[in-house]
Amino acid sequence: INNTAIGAYTLYRNVSGFNNTANGAFALYSNISGNRNTATGDSSLFSNTSAHGNTAYGYLSLKSNTTGNTNTAIGVESLKSNLTGHKNTATGNYALNSNTIGGDNLANGYNTLYSNTTANKNIAIGSDALYTQSFSNGGAAWNSHNVAIGFEALYNNEPNSTTNGIRNTAIGNYSLNKNTIGFDNTAIGYDALYANITGKENTANGAYALFSNTYGSQNIAIGSNALYSQSFTNSNTAWNTNNVAIGYNALYSNQPTTTLNGFRNTSIGNYSLYKNTIGAYNTATGYNALYSNIKGNSNVAIGDYALFTNDTGHINTAIGSEALRSNKGGGANTASGYYALGNNTTGNNNTVIGSFSLYSNTTGSNNTAVGSNSFFSGATYSNSTALGANTSINASNKVRIGGTTVTVVEGPVSYSFPSDGRFKNNIQENVAGLDFIMRLRPVVYNFDTRKFDAFLMKSLEDSTRNALLNKTDYSQSSAVRQSGFIAQEVEKAMIESGYDFNGVHKPSSDADNYSVSYSLFVVPLVKAVQEQQSQIKQQQLENEVLKMQLAKQAADIEALKILILKK
């Protein structure tokens with residue numbers, strides 16, 4: 001009852017089927033007991049016998065279906081080969097054309113899921129989406145759970161087991177286009193994960209994100225062109241690269257060559273780690289952070305242009321905009337602050353904290369700077385330390401605490417110097433005492449701290465030096481009345497007394513300055529006191545002799561007086 005048949009041989013074999021509509025030659029031709037089916041188009045639902053609730057619209061649509069229920073096919077040859085698959089929806093010419101027993105599939109677009117035979121629960125929207133997917137290792141339906149939305153999305157997907165080629169999500173034209181057996185991938189954007197073949201557990205969000213990836217797995221790329229170039233041609237099996245790229249062109253050039261290179265990088269920010277090819281274990285956060293890195297490993301860059309020029313340097317840490325910006329091959333540097341170590345190129349093992357700290361350093365190594373503008377000038381000094389804002393260094397192997405405007409340096413205890421006899425050799429006592437001390441000229445003076453700062457920064461350009469000088473108040477430090485010696489006069493006293501005294505630092509270059517270690521004057525002063533004591537004891541002995549001589553003379557005189565009186 002309630003059947004409608006329009007066209008030659010429509011519902012030709014129907015016996016008990018009801019509420020069927022057949023429109024077109026041979027439509028629902030073989031139906032016997034199937035109910036509530038609608039077939040429009042030549043030979044649509046041709047083989048259906050007992051299946052219910054199917055809708056076929058188009059030439060040969062659902063032609064082979066026998067017992068599959070609740071399928072919807074709209075388009076020429078859509079679901080043409082379906083036999084027993086249930087709950088499939090195919091909209092578009094040739095959509096789900098080869099499906100036989102697969103169920104719960106949604107195909108919308110020309111050739112979508114064209115080759116699918118037995119896989120269940122796939123979604124394909126867009127011409128040629130999931131075109132190739134089929135499965136021929138078994139006759140039972142199985143769940144692949146792929147989602148492809150976009151022209152040729154997941155076009156080549158070809159699962160070969162119930163664990164490969166499944167659970168992929170591709171949204172965007174050509175997304176995951178080349179994928180065959182890679183699984184658990186998510187690609188959103190035009191050409192996202194385009195070349196992926198066996199890579200698994202990747203996430204790509206953005207046009208061309210992870211575009212070239214073939215076998216790399218467990219990558220995250222968010223942003224147009226993120227991880228664009230990554231591929232791997234030494235193997236056809238998936239391997240874990242564990243890269244994270246978030247931002248336009250982030251990790252764009254990454255190109256692993258082995259399972260030890262080009263992996264486990266984290267890149268957050270446009271163009272961050274842009275040129276990296278085989279560098280590993282790098283972390284870049286900020287616009288252009290670690291931009292030029294090629295094969296440097298284990299670097300951390302946080303801030304715009306941080307470690308921007310680095311290409312081969314390893315184990316650097318840069319925190320702050322433009323920190324370690326110019327570094328190329330220097331390694332094991334730590335810079336925290338705006339433009340900290342900003343001009344370093346090949347210097348190693350430097351540690352700086354503060355904006356513009358160690359600013360001018362290029363090749364110097366093993367330096368430490370703490371404080372804004374500390375160690376600002378000097379390109380090649382090594383093993384020097386500057387502690388405090390605006391503290392300058394002008395020689396290697398030097399330590400300065402505080403800038404020139406500091407008026408007091410104090411602590412709860414006095415400074416100690418190692419003096420363990422176990423480590424001393426070539427011990428002599430040829431310390432100059434009174435001869436050296438008496439040649440010294442103690443003076444009281446004012447120290448021109450601004451002039452001294454200008455000297456320390458003489459290597460800088462005039463404009464830069466003047467800008468730094470003009471923003472500092474030197475009045476208080478220059479007004480302090482100092483007591484001490486003039487180093488050049490102390491040096492002269494050393495020469496004249498023949499004393500090899502290490503209490504005076506002589507300039508190592510034209511950029512260096514004289515300095516005096518006042519604590520070391522204790523040694524010649526002690527020697528001078530000892531010499532004075534020796535002289536005093538000698539004088540006391542001589543005085544005693546004189547007293548004895550005088551006493552003897554007095555006694556002789558008394559005896560002479562008595563003799564004269566007797567006579």
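Colleague: What volume does the second largest pocket have?

Modeller: About 870 Å³. Of the 20 residues lining that pocket, the closest to its centre are Gln-428, Val-431, Tyr-499, Asn-502 and Val-523. Bear in mind that this is a predicted model, where local features need pLDDT of at least 70, side-chain atom pairs count only at pLDDT 80 or more, and totals for chains, interfaces and linings use all residues. Residues are numbered from 1 along each chain as its sequence is written, and side-chain values use heavy atoms, with hydrogens and water left out.

Colleague: What makes something a pocket and not a cavity?

Modeller: On a 1 Å grid over the protein atoms alone, a pocket is an open set of points with protein on both sides within 12 Å along at least five of seven lines, while in a cavity a 1.4 Å probe fits but cannot get out; lining residues have an atom within 4 Å of a point. Volume is the space filled by probe spheres set on the points, which are joined across faces, edges and corners. There are 4 cavities of 30 Å³ or more, and the largest cavity holds about 90 Å³. Its lining includes Asn-373, Phe-376 and Asp-453.

Colleague: Why are α2 and α3 called roughly antiparallel?

Modeller: Helix α2 (residues 449–456) and helix α3 (residues 462–470), both DSSP runs of H or I with at least four residues, pack at about 150° with axes 10 Å apart. Axes are lines fitted to C-alpha atoms over the stretch in contact, and angles run from 0 to 180 degrees between N-to-C directions. Over 145 degrees counts as roughly antiparallel, so α2 and α3 get that label.

Colleague: Which residues of α2 and α3 meet?

Modeller: Arg-450, Asp-453 and Ala-454 in α2 meet Arg-465, Leu-469 and Asn-470 in α3, contact being heavy atoms within 4.5 Å.

Definitions and conventions:
Helix = DSSP H or I, 4+ residues; strand = E, 2+ residues; numbered from the N terminus. Parallel < 35°, antiparallel > 145°, perpendicular 65-115°, else oblique.
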